[in-house]
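Q: Can you walk me through this one? I have the sequence and coordinates open.

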Amino acid sequence: MGPLRFEMSPAEVAQALGVDGPLARVGGPYGQEDFADEVKAFYDPETGGLACVALDAVTGPQVFLAGVPLSGGNPGRGQEFLLDYASENEHWILFTPDGSLALTDLGVLLRDQKVGGVRLTRPVFVKEEWFESQYYRDHLPLEYVVD
């Protein structure tokens, strides 16, 4: 996730992003903080450390997996790519209750986001412990992630 690492404190996240603090502190069950370029940080309520980062399909930073962009693509093709990648590289997959697909051992969750009249892929990075927990698997942060 670029300069971000799981379990960073909110202050360390801001410092890693080169800002004094978030644009907004949304709060909620995961202490959501919003940064420039629609980067959303979510914190583990038990440890207070960074546990999840959601990127916007259009304005968020572009990230790649095996040279394939994860932001702003066709959701069906994005899921097909992740399934093929998981099969070829022996990664664990998980379909979340909202129908998104994750490679749990990589911490990559591919959601979709409505942009105008279309849906585009939106990557979300989640610490592996949350995928291992039935509670967190069923309660992954959804704030502003899907419409």
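**Packing and rings**

A: The buried residues of α2 pack against β5 (64-65), β6 (68-69), β7 (93-95), β8, β9 and β10 (118-126). Helices (H or I, at least four residues) and strands (E, at least two) are DSSP runs, numbered from the N terminus. Buried means under 20% relative accessible area, exposed over 50%, and partly exposed in between, with a 1.4 Å probe and protein chains only.

Q: What kind of model is it, and what was counted?
A: This is a predicted model, where local features need pLDDT of at least 70, side-chain atom pairs count only at pLDDT 80 or more, and totals for chains, interfaces and linings use all residues. Residues are numbered from 1 along each chain as its sequence is written, and side-chain values use heavy atoms, with hydrogens and water left out.

Q: Which residues of α2 are buried?
A: In α2, the buried ones are G78, F81, L82, Y85 and A86. They sit on the same side of α2 because they cover an arc of only 130° around the axis, the arc being that of the directions from the helix axis to the C-beta atoms.

Q: What does the face turned away from the buried side carry?
A: That face of α2 carries the exposed residues R77, S87 and E88.

Q: What span does α2 have?
A: α2 has 15 residues and reaches 21 Å from first C-alpha to last, close to the 21 Å expected at 1.5 Å a residue. The expected span is 1.5 Å times one less than the number of residues.

Q: And what is at its start, and what follows it?
A: At the start, a side-chain oxygen of N74 comes to within 2.9 Å of the backbone nitrogen of G76. After α2 comes E90, with a positive phi near 55°.

Q: Switching to the core: how many residues are in the largest nonpolar one?
A: The largest nonpolar core has 23 residues, and V13, F35, L50, L65, L70 and L82 have the most contacts inside it. Such a core is a set of buried Ala, Val, Leu, Ile, Met, Phe, Trp, Tyr and Cys residues joined through side-chain atoms within 4.5 Å. At least two residues each come from α1 (10-16), β3 (39-43), β4 (50-54), α2 (75-89), β8 (101-103) and β9 (108-115). The largest share, four residues, is from α2.

Q: What is F35 in contact with?
A: Leaving aside neighbours within four places in sequence, F35 is in contact (heavy atoms within 4.5 Å) with V13, A14, L17, V19, G21, P22, L23, A41 and Y43. Apart from that core lies another, of 14 residues, among them C52, V126, Y136 and L140.

Q: Is T121 buried or exposed?
A: T121, in strand β10, is buried, at a relative accessible area of 3%. A polar atom of its side chain lies 2.8 Å from the backbone nitrogen of G73.

Q: How many aromatic pairs are there?
A: A search of the whole structure finds five. Rings of Phe, Tyr and Trp (its six-membered ring) pair if their centres lie within 6.5 Å; planes under 30 degrees apart count as stacked, over 60 as edge-to-face and the rest as tilted. F81 and Y85 have ring centres 5.9 Å apart and planes at 40°, so that pair is tilted. Both lie in helix α2, four residues apart, about one turn of the helix.

Q: What about W130 and Y136?
A: W130 and Y136 form a stacked pair, 4.4 Å centre to centre with 5° between the planes. W130 is buried at 1% relative accessibility, and Y136 is buried at 8%. Ring pairs link Y30, W130, Y135 and Y136 into a cluster.

Note on methods: A polar contact is a pair of N or O atoms within 3.5 Å; within protein, one must be able to donate a hydrogen and the other to accept it, and residues adjacent in sequence count only if both atoms are side-chain atoms.
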